[in-house]
Amino acid sequence: MIRVLLADDQTLVRAAFAMLVESAPDMLVVGQAATGAEAVALARTARADVVLMDVRMPGLDGIEATRRIAADEDLAGVRVLVLTTYDTDENIVDALRAGASGFLVKDTRPADLLDAIRTVAAGEALLSPGPTARLIERFLRSPTAPHTGGPECLSDRERQVLTLVARGLNNAEIAEALGLSPLTAKTHVSRIMGKLGARDRAQLVIVGYESGLVIPGSMGA
């Protein structure tokens, strides 16, 4: 069973998500939080696998709550899936930097939301290709974060793989695009994450853009 914690300041929204999650035979709602502080506390006590985190909440917001959960060694297995009303919300980039494993807009189809929870619970990052590309290109056009390795730290093949990851492709899609086996594609992604110091695919995209290894505008290439 996937243990899910819901964090949203709107009672009706939480209730709707709770009904949806509970309708899945492989999921269980283990707590509901109306603030970021409550989300952090419940993540520690409810033994959640996945936190559905709203960005905008009173007091401690969803971004800071995500940062605290990601920084807590005791919560290393907890994954945060950020929910937002608009896919142009610049706070999403901050949430990914803080350690979120991905994001979805709140009007996502119910079946897609459940699939997203399963994806994140399995340890993978969820990156909606279109919205992710637009957000990163818009808010990371002027790189501000230093990176540990220059472009030479990646091979040509690894750069190709990183570009496809930044477009939101999964390992199977990357393998197909580059004529590789899925296992080889997965190995490339793992090596890139190690070289760039990214904890998951979501942060790999951020690091790729901030380092200049992936250039805004290259998404459609």
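Tutor: Helices (H or I, at least four residues) and strands (E, at least two) are DSSP runs, numbered from the N terminus. By that rule D54 is found in strand β3, residues 50-54. The model is predicted, so local features need pLDDT of at least 70 and side-chain atom pairs count only at pLDDT 80 or more, while totals for chains, interfaces and linings use all residues. Residues are numbered from 1 along each chain as its sequence is written, and side-chain values use heavy atoms, leaving out hydrogens and water.

Student: Why is D54 called buried?

Tutor: Buried means under 20% relative accessible area, exposed over 50%, partly exposed in between (1.4 Å probe, protein chains only). D54 has 6% relative accessibility, so D54 counts as buried.

Student: Which residues is D54 in contact with, leaving aside its neighbours within four places in sequence?

Tutor: Contact means heavy atoms within 4.5 Å. On that basis D54 is in contact with A7, D8, D9, G62, L83 and K106.

Student: What makes β1 and β2 a pair?

Tutor: Two strands pair if DSSP finds at least two bridges between them. Strand β1 (residues 2-7) and strand β2 (residues 27-33) have six bridges, in the parallel sense, and therefore pair. A7 stands opposite A33 in β2.

Student: Is R79 buried or exposed?

Tutor: R79, found in strand β4 (residues 79-84), has 12% relative accessibility and so counts as buried.
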